[in-house]
Every structure is written in structure tokens, then in C-alpha cells.
Amino acid sequence: MRGPDSGAPTRADADRLDQTHGLGTRDRFLLPERLVYLDGNSLGALPAGVPGRVEAVLREEWGQGLIRSWNAVPSGGGDWITLAARVGDRIAPLIGAGTGEVHVGDSTSVSLFKALSAAARARPERRVIVVEPTTFPTDGYVAAGVADLLGLELRWCDPADPLAAVDGDVVVLALTHVDFRTGAMFDLPGITAGAHDAGALVLWDLCHSVGSVPLALDDWGVDLAVGCTYKYLNGGPGAPAFCYVAARHLDALTQPIQGWMGAVDPFLMGPTYAPAEGIRRFLSGTPPIVGMLALQDMLALVEEVGMAAVREKSVALTEHAIGLSDELLAPSGVEVASPRDASRRGGHVTLNHPLMREVTAALWEQDVIPDYRDPHGLRIGLSPLSTSFDEVERGLESVREVLARVTT
């Protein structure tokens, strides 16, 4: 943003934006007063209500209810047995899914393995899995593992044109919606439709878009998706991930980790596995109860604000960061690696310079917390509900100061 006369950013710009686009939600998070936190797309800030909620669960539901808390109790607590389904149904509107299409309870890697295996086994006459080479490493690793396990071919596609690699041999195309390095966003509905035209299924990784970018998976015809809850959904370190399976596929797909909680009758305890109907067939073992309960406050806040307002704030934050970078950092050779078109950009901005690894380390020592990703990328993670425009400005001013120091 520019000052009225000098062309340089002014503190008034940030103050004005915080007044007009701030959403009034920053005080709903526990953040150190002087810390500049620009890494919300790696680990979201702590919602203020979570410590009390988790303590109540530990002291009352576990401490007093004990095994009884797996069932519904008169006080309103417990009912752990249905928690995975209830949390999944609260995540569903954030991704444009319907009731009974979202499973919560595994890590992202396990969710990806389940979903990719289920997709790859759905059409045994097709023998190729397609992945793009710049995806988050886990996605490529899991895809390679599934291909090896099932005797399939792993094919790398061109990120600029992933559909060029999709032909009649491809069973599933697996892509990350928002690139973890640059924030560049694939045309999810267009690519999904193109892959379907070739007869392939599509699996989307939503880790860097859920809670930041509005999604409409049902309307867009998506087959499967996975995503984490510790970034823009602020579920905390190791928070359980989710898996989406379109309702039209639920009766046909089978996942490979057949556990007792996904059986049609978990308490029958028989020797033969029969999958439950619906999304519950994607359950395996006992889900992480405390981790799912820690999500409740953030889900409630997103429901209160609405994804349209969240996206509006996200776009304004990223535009502000790009404008500040152009003014403050471009003279030092910093380049914006993220798309400048907001419709092609997720919720973070990456700034490239050969010394950004050293800059990031120095910033952390002075309580300015961005992230670093090779090659040469300082990543500004802008969590719409907890990040202020003033924080972005102070952070990028610190980047300028540190960059000047390390280059002299």
C-alpha cells in the first residue's frame, strides 16, 4: 500500500485495513503480545477457548466419566463414539461437502494412503497413478508407495498442464490444490472435469486451502480429497486430518486399513470384516478424541464469520503483503514467487531471494516468525482470522532490515 505523497507504505494503511477488513477476531487467539506470527499456514495460532475446553474434557469426561464418556451422558458431555462423524459434518460445509461425506481421525499421510488406495483399486483395468513433481513430498511418497504396493505405474505430470498426462490408462490423478511453496492454486473444477472426461478419478490435497479458500467439492464433482486441520483450522500440532469421499462412491470404494471401528458392527467382535455403510467405512481404529475436541472452537469461529468473509480477508492480506514487498523489498532483489492474480493464489505469499534461509533464521531470533522453503523462499503464512495487517507490515519491515544487515 502507498502513502499519499511519498509512495511508501505508511502505518495508516495497515490501521485502515485492520479497521475495514479485520473481522474483529484476533483477540479470539492466544498470541504473545509482541510476536509477529506469519506462519499460520504451518501451525495455526491457539484459539483462546481451547485450553479450557481441553482441561474440561480431561477432568470431567475422562477424569469423571471414564469409559462412560464413549456414550451420551445427561450433562451433554461424552458421546465420543459419534465424535468423528460430528466433527466431519462440521468440516463438510467448509469444503462444500454434504453430511456423511467427511471422515476425521487419521493423520494426513494415513488419510492420503486410504483415499489413494481406494481410488486406485476402484478401476483395476487402469494401471497408472499421476502426481505432479512439485507437490508436497508426502503426497509423492505415498503415491509411490501405493503404486509399488498395487503393482501400478507412477507417472509424473507437468504442473503447468497436468491433464496432458491423463489418458485411458490413468486410474487417479492426485494433486495439491494450493502449492505449499508458492501459494499458486490449481483450477480445481476445470482439472477435475478434464480428468473425468478421460475416465480418471481425481484426489485433491486441500491442506493449504481448507479454512482459507472457499471450496465446493460436491458441486465441482470431486471424487476424493484429504486435508489437515492444524493450519487454517487451528486444531493444534498433530490435529487429526480429514478425508472426503463423494457420496456417489461410498458404497463402491474400499479402504485398505480394515479396523474394528470401520466395521458394520464394531462390537460384534467377529473374525470376518464387513465394512460399515457410508463414510464410517473409512474409519480404522479408535480416533483421537482430545485432538478432535480441540477443533471445536475454531470450527465455531469459522461458522460464525463465514468462508466468504474469510476469503475476502485472505485476499486483502496477501495483496497487502505483495504491495509491501514491491515497495520495501524489491529494491534489494526480492521477487514475489506467488501469483499476483488473487484468483490463482491461496492464503500465503512466498518471497524469493538467495539469502532467505539466513534471513528467516535471524527473524526468528527477534520474534518475527515466517517460514522458509527451498529454493530461497521466505513464506508469509497469512491466517485470516488471527493475522493483522499491522502485523504483516511490521514483519516485512523486519525482513527489509534483516536483509540489509545480512547483505552488508
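Modeller: In this predicted model, strand β5 (residues 128-131) and β7 run parallel and are joined by four bridges. Within that pairing, Ile129 stands opposite Val172 in β7. Strand β7 also pairs with β8, again in the parallel sense, over five bridges. There the bridge partner of Val172 is Leu201 in β8. Between β7 and β8 the chain passes through helix α6 (residues 188-197), and this β-α-β crossover is right-handed.

As for burial, seven of the seven residues of β7 (residues 170-176) are buried, so the strand is largely enclosed by the rest of the structure.

Leu215 counts as buried because its relative accessibility is 8%, the cut-off being under 20%. Leaving aside neighbours within four places in sequence, Leu215 is in contact with residues including Leu94, Ile95, His177, Leu188 and Trp220. Leu215 and Pro93 lie 122 residues apart in sequence, yet their C-alpha atoms are 8.6 Å apart in space.

The largest nonpolar core has 53 residues, and among the members that touch the most others are Ile95, Leu206, Leu217 and Tyr244. Helix α3 (residues 83-95) supplies the largest share of this core, seven residues. A second, separate core of 30 residues includes Leu317, Val349, Leu351 and Met356.

Technical notes. Residues are numbered from 1 along each chain as its sequence is written. This is a predicted model: local features need pLDDT of at least 70, side-chain atom pairs count only at pLDDT 80 or more; totals for chains, interfaces and linings use all residues. Side-chain values use heavy atoms; hydrogens and water are left out. A nonpolar core is a set of buried Ala, Val, Leu, Ile, Met, Phe, Trp, Tyr and Cys residues joined through side-chain atoms within 4.5 Å. Buried means under 20% relative accessible area, exposed over 50%, partly exposed in between (1.4 Å probe, protein chains only). Helices (H or I, at least four residues) and strands (E, at least two) are DSSP runs, numbered from the N terminus. Contact means heavy atoms within 4.5 Å. Two strands pair if DSSP finds at least two bridges between them. A crossover is right-handed if, with the strands pointing away from the viewer, the path from the first strand over the helix to the second runs clockwise.
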